[in-house]
Every structure is written in structure tokens, then in C-alpha cells.
Amino acid sequence: MSTPIVARSARYGGGRMLWKQLTANRFTALAVACVVAIVLLALLAPWLAPDSPTSVHLSQRLSPPSARHWFGTDEVGRDLFSRILYGARISVGVGLGSVLLAALAGTLLGAFSGYWGRWADQGIMRLMDILLSFPSIVLAMALAAALGPNLLNAALAIAIVKLPVYVRLARAEALSISRQLFVKAARTFGLGSGWIVTRHIIPNLLPPIVVQITLDLGDTILLIATLGFLGLGAQPPTPEWGAMISVGWKYLLDQWWYPTLTGAAIFITVMSFNLLGDGVRDLLDPRRHEEGGRTS
Amino acid sequence: MTESVLQVEELTLSFRTAAGLIRVLRGVSFDIRAGELVGLVGESGSGKSVTAQAVARLLPEETTVVESGRILFAGRDVCTMTEAEMREIRGRRIGYVFQEPMTALNPAMTVGDQLMHVIRHHHGCSRREARQRVQRALEEVLIHQPDLVARQYPFELSGGMRQRIVIALAMSANPALLIADEPTTALDVTVQAEILKLILRLARQHGTAVLFITHDLGVVSQICERMVVLYAGEVVERGPVREILRHPNHPYTRALLRAVPDVARRGEPLQAIPGELPDLRHLPPGCVFAPRCVHRMERCDTRPPLRGSGDTAVACWWSGQEVPNR
Amino acid sequence: MLVFVLFGVTLCTFFMSHVIPGDPAQMMAGPHASADTIRSIRRQLGLDRPLWVQYGTYLWGLLHGDLGVSIRTQQPVIHDLAAFFPATLELVLYAFLLAIVTGIPLGVLAAVKRNTVWDYAARVVSLGGVSVPVFWSGLVLILLFYARLGWLPASGRLDPSLPPPPTITGLYTVDSALTGYWADFFNSLWHLVLPAVTLSYVQLSIIVRQVRSSMLEVLGKEFILTGRANGLGRGFLIVRYALRNALVPTITVIGLSIGSLLGGAVVTETVFDWPGMGNYVVQSIASLDFPAIMGFTVVIGAAYVLINLVVDLLHYALDPQIRR
């Protein structure tokens, strides 16, 4: 934990180097490609989608995949392909927002907790212990139910569930950094604690936090879909994947493509993000250098 | 002349890496006679441990390529044996002591149990008999309360104690050859001396030949009869310890000697060897030591053969001039 | 710790559920109830009293094993949960066993045969497990094994035509075996296959990942080399030396992954119409039945804390460094 600051920033530094290393591993390169494709599809959904995700065509309800409706249509004749494309916006967008919220709040809480210590630290850490002592889905469910079932609250609930990791990460880092010489020096120069936290602690925290964010993205998207499926997230007719499957479940046996293709979209998206997260972690984890033959 | 326990003949060995094959040993030859203590000397990265592990065939099979040469143990080539045959030899005929006693023992098992497994594997005896043998093995390595120690886990023992246990494991089947891979490097100076004495005593007592790997010429001078100097995967000099210490022929050996406080001649200042080990992927075309050598000549751009008579040999153009035909 | 955690969580959910709109009295009374009816229900539920009094009452009840009355079923929540608990326990237990008996060998195999087809297969399998939505893997299995092949049942614990076995533990497979209801035994086992496989997959992947990485770490340690140098066999070294040591960190991860098992049970029960607590809570969510939702959360939280207590004990047993 007491890695020299310079060495660390050098290790993470250089966006182009990072990109090169990321694409060096075949699996990670694939993940990068998939994630880029998914993000592009999500961003360009309004132009790519053949139809509006909410326009109803009752005459064409539950039609199988065809040239006109690539993935078929749902129970009121909406084009499924369009809905899944728009769903990517929701999943990726809300997922990212949720993780960023958790990261931002967690980093601030953790940094100040570690830096100030005493009762604030105690209180914050005990609260995090409580959050950690519940299975994440169950806690997210309870929170989402308490807040009231809608997409925004689901995102908020997930952000709360994801909070402890960031608080702990930030706190540990803040603790070790605040003991280091240059922080003490800064303090003797009479620089305020706010200055130290924002100028020294938070910049050093960024790399591990970024890794954690990429690691959490897949899981967050999965949680959003799960809450949606359980009726605790986005509500129909919002084209959210989990909610779509929840409705499409009724048509599982006769119109199997409806829930199956929607679920496949979740699976592929989550897997791509997880693969990317693994790749980024392996890249930035110093332990990855374990390999290579010893010569003596 | 007694027969050789171990003969390494022109061993050339490579590791398969992401960057292609890297040749870590080139034409390494030496032998060890029954009951003899031979020191294998070199800096870290010179290929000492690789040689030792190649003898017991402990290198990872997937990434190791024996390009040429033989390793004859009791007349049979270790490289061509099956894994089953090898298992008969490891531990039973060749004992092995590692550098790091902290990690060389299973942390989740009492030392008694670890000894027990190995002893029962070697002797196929009953639990009860094995327990007695464990006791004896611990007494052999001068552990005073064998009952107590047998029930302890490695983390409860000091480094010196652990190394005694590792030695007890290695000696438990009374092997013909003991490979000691820097067994004292990780220990305190006072403990080092005890462990050295212990190895020496056990070897004498059981007539065990020892291949002693070290970077410390002081240690070699204390316990070994002959020594082999390895540099960048090649034998640069070998011969009786006393002769080499008195009359080092290879500039590298000389440099090594000057870097050791105990052995350095009085009055001469201690000297570090300038430069560093060459990159094994980009070796100089001639003598491997040439880039660091103070006696470098034009001729050193071609590879010097290992020349000599009897036990003594050196691979150097310069010393060949100076000491012709020894 | 347990008390502390329960206290904290009830506090969080309680206040959140009462500060945020969504009136349980309104839910109970129905959309067309008069303001008077709602008011009387509010009084009956104690909703008109100050929040902290309500919370105090709830905590007091909790200490006595009273989780309140379900708005939906009008039954004490603790009774409802007790009735649904055995089904959940049975499902989770089988899924857990399945994950352990397949996950550990698979992880060991992947580590021992590193960078071979086995390793890649294990990695793909485990990557899939942490990425797949439980409801979707369940869906695919239902489509394949129930709809297409017709091999396995896709809902419930038992065929409706069979009478359930006499209740001893509430676990159908155990009760039927104990009482000799063999038809029930095989039938309930049959019904367990798809949900247990679905549920175990997530945990399986976590276990495979963990076992693989800790095995790789341990196999690189010097004492494995010592074992080899002393002539010990490969199988013995892998199991008694490497796995034994790799289990220490693995146990912790398995304990934590039980969280995903408990959470996954909620979804799995919904998907397979399994009459357990998860199914119950999902129905409670649909009717904003907060006493039921909170009761469920408290019970799961308590179970999770207890499980991790057991994990600590196991740790103690496995790691001599902690024991001494």
C-alpha cells in the first residue's frame, strides 16, 4: 500500500500505452471491441433502430423474427430489435451512472473518513459493514422497494449497494497516504486538510478506483436488469431489458425468441464488460508479473 | 579413483518463453564422485540453480528443452527417464535442500507429518515405525526435542530450525547425492555456520556426495573439495578448491575472489566486479565474460574452449597463455 | 455483530420506506377506499404515530421474533417465512453442494492443466457464470430441457398428483427418504435439477475462479518443489499439499459467494415457480408489502451473517496460523 507515488503514476500513466497493452491480450481485445460496439449501438440507437421502441402495431403482435422485424415483435407489436437497441442505452447509461455515483460518493466518504479518522471514520465504516453484510441483490431489492419501484430508484439502490467497496478502497489509500512524508510536509506548511485531500489523496486514488469501476460495471448492469425483472426497476413500457423479459416471460413457450433474445443482449453486454474489467485489472495488478522462468 | 555419482556432460538447456527459446546453460560439464563435496559457484543468474534442478529434473517440463548433453546419475541418463523412474530417484537417491526454508515447507501441515509422508513414501513402513524414524531423522539434524518439534507447524519454527527440517527430509532416505541450493543464504550468519557444519557432518557420516550451490566463495572454501565456476550458463573454470583459491586462472574467478572478504588476500582491497551479467538473449560471440574482462584481447572474440588436464580446466585465452598446459 | 447489523438494516429500510411515498394503508384498502377507511387502517397499523415510535415498536417485536403482519397475506410475517423457508433451504443446499463438488475439481483441473483446453474451458465457463442473468440461464434451461426435450420439470417442488411427504424437516428429499416415500423422493429430486443447476452456476463460477487462482499461487510455491524433490507423487501433492493450502482463501470466498446464492435464490424461485421465501418476497414486492419485505431482508441478513460465522470457524480449523 505504500507504493511510491511516482512509480505508481508511471505505472498507470500514458493512455496510448494502456490502450496498446489492453489490446495485446486476445480476450481483452475482444472485450474492448464488444464494449465499444455496445456503446456505439447504444449511442446511435435513434439512427440505427428501424422503428421507435414504443410505437405500437397491434396487427403485428408477437410476430417471429423476419426481414422486417429482425428480432420479432412483442405483445403489442413493438419492434423488439429497436427496443433492445434502446435498452442498451438504459442499461449502459444507468449502469455507468450508478457506478460513477457510488465511486464518487464512496471516494469522498472514504478519503475523508481515512483522513480525519475518529468518530466520523468509525461511524462511516460501521455503516459500510452493515451494507456489506447483506447479499447485494437482496439489499438492492430491499432498498429499491423502500424507495419505490422505478428506474432512478433502482440506480440509486445499486449505487448504495456498491458504495462500501469504494469507501474501503479510498479509506485504505487515504490512510497510507496521509502518513507519508509529503503530506506531513504539506501540513507543516500550513496547507489545509481540504487542500491535501483534493490535491494529494484523490489523485492517487484515481487509478485503483478506475479499475474498480470497470470491474463493477458488468455486475451493475446485471443488477439493474435483475431489479427490472423483479418489477423493482424500470416499469413497462420502458424498453429496459429486465422489465422486457419480465413481460416476455409469459410468451416463453410459444414466442421463445422474445425473452431469449432480450436475455442474450444482457448476457453479452455483461460478459463484455466483465471481460474488460478482468483485462484492466490484470493489466494494473502488479502480481501479474509472476510469470516467466527463473534463471537461477 | 572412485566412480562418479553424477556426471553432467555438455549439457545445453533452454527455456521456452514468450520471446522464444532462451539458452540458459551451454555445454556445462562436471562430475561428482561418491562422498565428494563439490561447489557450484556463480552470481545469481549464472545458471547454478537451473543446473541443480535439471539434475533432479525439477524444472517445469513444458517450458524446458534439453537441447543436447546428458546428466548421468549412477550411470543412467536422468533426461531420458520416465517420470515414474524419476520419482524413484528423487528423495531416495538424490536429496534436495532449497534456499528458502521459510517457503520450502508446507505451511498447513506439522513438520512431523511432512517427514512422516516422505519417510513412508521412501520406506513403505508402518505408521509406528515411521514415527520412530521421524524421531531419529530429527535427532540426526540435532533437534533436541524431536517430539515437540514434530507437532509444530513450520511458521512456529525459526529459519534455522526449518532448514534443519528440510535437511532431515532430504537425508531421510540416505541418498547418494545431496543437492544443497544455497542452503544458508537466507539465514543469519551464526545459523549459517551451524547449518554448514551439519551438512558437512551428515555427508561425511553417510558418505553422501554433495553438490553445493552458492555464490559465496567463503562457504566453498570451508567445506568443498572441488569447485565449478559458472558464468552466464557456461563453465568458465573448475578444479580443486585449494588450487583455484591459490591460483585462480579465469579472470572471472579472480574477480569473484577479490569480491569476497574472507578469501581476498590480505592487503588487497575488496572489489566489486564492474559491469553486469550479459543478457542471455544477446550473448557476445566469443568469450561470455569478455565485456567485463580486464584482460580482454582480440582473440576473445572467438569462443575459448574449456581446456585443462585432470581435474583442472579453464575456458580462457588469456590464462591459457599465462599458464600453458597445466 | 449480528444484532448490530440487524439494527442497522432495519433502521435503513424502515425509514426509507416510511419517508418515501407509497402508502401501505392505501394499498391495503384498495384504490377506491374512502379517506376514512384509509385513516382507520393507518391507525390500526400504527402508521399515524411518530416514526421513531413505529421503529421502536418494530424493533421490540423483532427481539421477540415478531416481524409484523404481512399486509398481503394478513398473516404474521414470521409464520409466512417459516412456511416458505424449507423450500428455499432445500434449493440453496442442493445448489451449494453442486457448486462445491463441481467447482473445486474444475478449478483444480484448470490450474493443474494451465493454458490448455481445460483451462480455457474452465475460464469461459466461469466468465459466463458471473455474467449470465440467473433468469436468463433458467429460461434457456427451461426452453431446452422442458419445452424442447421434455426431460425435466420446470416448476414446483413435486408433481401435483403426488401427495407431499410427512413433514419432518420440510426438505422433501430428506423427509421422503426418511419416511420411505420413494416416489416423492425421486420426483422431488427431479424437480430440483433445473432450479439447482441454474442457481449453482453463479457460485460455481466464483468457486472455479478462486480455486484456480489460489491453486496457481500455491503450486508456484517452493514447498511443492520440496515435495517433488522428496519424491512425493503428483496427485498427493496436488490434493494434500496444494489444495489443502488453496482452500484457506477459497473458504472465505465461498462464504461470501453464498450471498450471491441467497440473492440468486430469489430470482430462481420466481423463474421456476418454487414455493420458497424468494417467491414470497417477490409477490410481496408487487403489493408493496413492507413488513414482508423487511422480514425477508432481516432473515436473509441474519442467515448471511451466521454463514460467515461458520466460515470463520472453518477458517480456524483449516489454517494452523490462526489456530495457534
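**Group meeting: a walk through a three-chain model**

Let's start in the middle: the largest nonpolar core has 257 residues, and those with the most contacts inside it are A:Ala140, A:Met141 and B:Leu211. By nonpolar core I mean a set of buried Ala, Val, Leu, Ile, Met, Phe, Trp, Tyr and Cys residues joined through C-beta atoms within 7 Å. Buried means that 20 or more other C-beta atoms lie within 10 Å of the residue's own; exposed means 12 or fewer, partly exposed is in between, and the C-beta atoms are placed from the backbone.

A word on the source: this is a predicted model, where local features need pLDDT of at least 70 and side-chain atom pairs count only at pLDDT 80 or more, while totals for chains, interfaces and linings use all residues. Residues are numbered from 1 along each chain as its sequence is written, and chains are lettered from A and ligands numbered from 1 in the order in which they are written.

Back to A:Ala140. Which residues does A:Ala140 touch, leaving aside neighbours within four places in sequence? They are A:Ala157, A:Ile158, A:Val161, A:Leu223 and A:Leu227. Contact here means that the two C-beta atoms, placed from the backbone, lie within 7 Å.

Chain A itself has 12 helices and zero strands. Of the 296 residues in chain A, 47% are buried. If you take contacts in chain A between residues at least 6 apart in sequence, 69% of them join residues at least 24 apart.

There is one backbone detail in chain A to show you. The peptide bond from A:Pro236 to A:Pro237 is cis, with omega near 5 degrees. A:Pro237 sits in the loop between helix H10 (193-229) and helix H11 (241-248) of chain A. For background, most residues other than glycine have a negative phi, and most peptide bonds are trans.

B:Ala74 is not a glycine, yet has a positive phi of about 50 degrees. You will find B:Ala74 in the loop between strand S4 (64-73) and strand S5 (76-77) of chain B. B:Ala74 has 16 C-beta neighbours inside 10 Å, so B:Ala74 counts as partly exposed. The other is B:Leu142, with phi near 65 degrees, in the loop between helix H4 (127-140) and helix H5 (146-150) of chain B. B:Leu142 is partly exposed too, with 14 other C-beta atoms within 10 Å.

The strands on either side of B:Ala74 belong to an open sheet of four strands in chain B, ordered S2-S1-S4-S5 with antiparallel pairing. Why is one side of strand S2 (20-33) and of S5 left without a neighbour in the sheet? Both stand at the edges, so each has a single partner strand. Pairing requires at least two bridges between two strands in DSSP, and S4(B) and S5(B) are joined by two. Within that pair, B:Leu72 stands opposite B:Asp77 in S5(B).

Chain B is divided into domain 1 (4-93 + 173-314) and domain 2 (104-172), with bounds from an automatic or database domain assignment. Their centres, taken over C-alpha atoms, are separated by 29 Å. Between them, 14 residues of domain 1 are in contact with 13 residues of domain 2. On the domain 1 side, the largest share is six residues from helix H7 (residues 189-206) of chain B. That side divides into 10 nonpolar, two polar and two charged residues. For those classes, Ala, Val, Leu, Ile, Met, Phe, Trp, Tyr, Cys and Pro count as nonpolar, Asp, Glu, Lys and Arg as charged, and the others, Gly among them, as polar.

Finally, chain C and its two partners. With chain A, the contact takes 39 residues from chain C and 37 residues from chain A. The chain C side there has 26 nonpolar, 13 polar and no charged residues. With chain B, 17 residues of chain C are in contact with 24 residues of chain B. H10(C) gives the most to that side of chain C, with six residues. By class, it has six nonpolar, six polar and five charged residues.

In the model, residues 91-112 of chain C are 100% helix and 0% strand, with end C-alpha atoms 32 Å apart. Residues 124-147 of chain C are 92% helix and 0% strand, with end C-alpha atoms 26 Å apart.
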